[in-house]
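This is a short report on selected local features of one model. The sequence and coordinates come before the discussion.

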Amino acid sequence: MRELRFDPIRNRWVIISTERARRPSDYTIAGVGAHTDGKSLAACPFCEGSEEKTPPEIFAIRSQGTKPNSPGWRVRVVPNKFPALQIEDDAIRYGTGIFDVVSGAGAHEVIIETPDHNEELGDLDTDWIKDVLFAYRQRIRDLFGDYRLRYVLIFKNHKAEAGASLTHTHSQLIATPMVPPVVKQELTACRENYRAKERCLICDLIKQEIDFGARIIHETRDYIIWSPFASSFPFETWILPKHHLHDYSMLSDNDLRELAPVLKLLLNSIKRLLNDPPYNFVLHTSPPRFKRPGQPQHWDSIESDFHWHIELIPRLTTIAGFEWGAGFFINPTPPEAAADYMREDITKLIEVRRVI
Ligand SMILES: [Zn+2]
Ligand SMILES: [Zn+2]
Ligand SMILES: [Zn+2]
């Protein structure tokens, strides 16, 4: 069963998906870490030569002359074997009493970032990371063409504590038949600011933060890395393009080439400075400009007032009762201090390793 149910008290949608676990005994105290152990290498479905262990590939960057679902690839995208949402399902919206339900149309894909079991995303050279970023763009572009889908969220879980069920480095994508609540909050803030001022909120923030300086970790010609003013988590870090663009899928190859070393630098710094912590990152971009034939454009599809970005959270603290009950986060590291540590580390990284 896969469906989205609306919680009228919390004012948000929840995905009910029974693909992974149903019975009480399917849940362990170890939780998400249950599948991850050292012996998994031989059985790893993401390694080169094990292509038949995954569902057939959707997209791959591979050497000329090699066949789909065979060795010879650099980056490979496959459907998740246990999808939270599935593309074959139809997005049927209906009410049942006071409740609202949407049947679970969507997509759940895995972007395998390298055939090498022992490399992490931050270890790859910048040209390889560019290919991973290219795969993100390709999948978003493709899925934006499906009128049932309202959003495509790219995210990465690094290590079991951050939700990764396999150790072989990969990112994921979940496409949903509605805009996710967190994205909607950001879109709404940006839209209200744009309507009031005819300026992009995030462009204004970037200008002010560059002038102020204390929360800027790194700056290149096209991108900045910052600690947000009101970071929810210690060492929460964002990458933002300095030039206004709402939609990641509109980036050029050259834009991706410039982004790759910035992402590499951030991943290496987080690993070095914080002792290789589990982390999550997400890519926030505007919803698709979809128009179903014969129907009006959905209101979510005109978001050129948004500004795409990547948010990274090292998992250094846990979400406890207060955060859950109150929605307040307590961050023990001021963003200015986090920025100081990271700025210093990145300066050293650039000197020592010449990664950029
Ligand atoms: Zn592997
Ligand atoms: Zn902007
Ligand atoms: Zn965001």
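Which residues does Val132 touch, not counting residues up to four places away in sequence?

## Val132 and its contacts

Val132 touches Val75, Ile111, Glu113 and Leu121; a contact requires C-beta atoms, placed from the backbone, within 7 Å. The model is predicted, so local features need pLDDT of at least 70 and side-chain atom pairs count only at pLDDT 80 or more, whereas totals for chains, interfaces and linings use all residues. Residues are numbered from 1 along each chain as its sequence is written, and chains are lettered from A and ligands numbered from 1 in the order in which they are written.

Val132 is part of helix H1, residues 126-144. Helices (H or I, at least four residues) and strands (E, at least two) are DSSP runs numbered from the N terminus. Val132 counts as buried because it has 24 C-beta neighbours inside 10 Å. The cut-offs are 20 or more other C-beta atoms within 10 Å for buried and 12 or fewer for exposed, with partly exposed in between. Val132 and Arg74 are 58 residues apart along the chain, with their C-alpha atoms separated by 8.7 Å.

## The two sides of H2

Val183, Glu186 and Cys190 are buried in H2. They cover an arc of only 70 degrees around the axis, so they sit on the same side of H2; the arc is taken from the directions from the helix axis to the C-beta atoms. Cover for the buried residues of H2 includes strand E8 (151-158), helix H3 (201-212) and strand E13 (279-284). Exposed on the other side of H2 are Gln185, Thr188, Glu192, Arg195 and Ala196.

## Span and end of H2

Helix H2 has 17 residues (181-197) and should span 24 Å at 1.5 Å a residue, which agrees with the 24 Å between its end C-alpha atoms. The expected span is 1.5 Å times one less than the number of residues. Just after H2, Glu198 takes a positive phi of about 55 degrees.

How values were computed
Contact = placed C-beta atoms within 7 Å.
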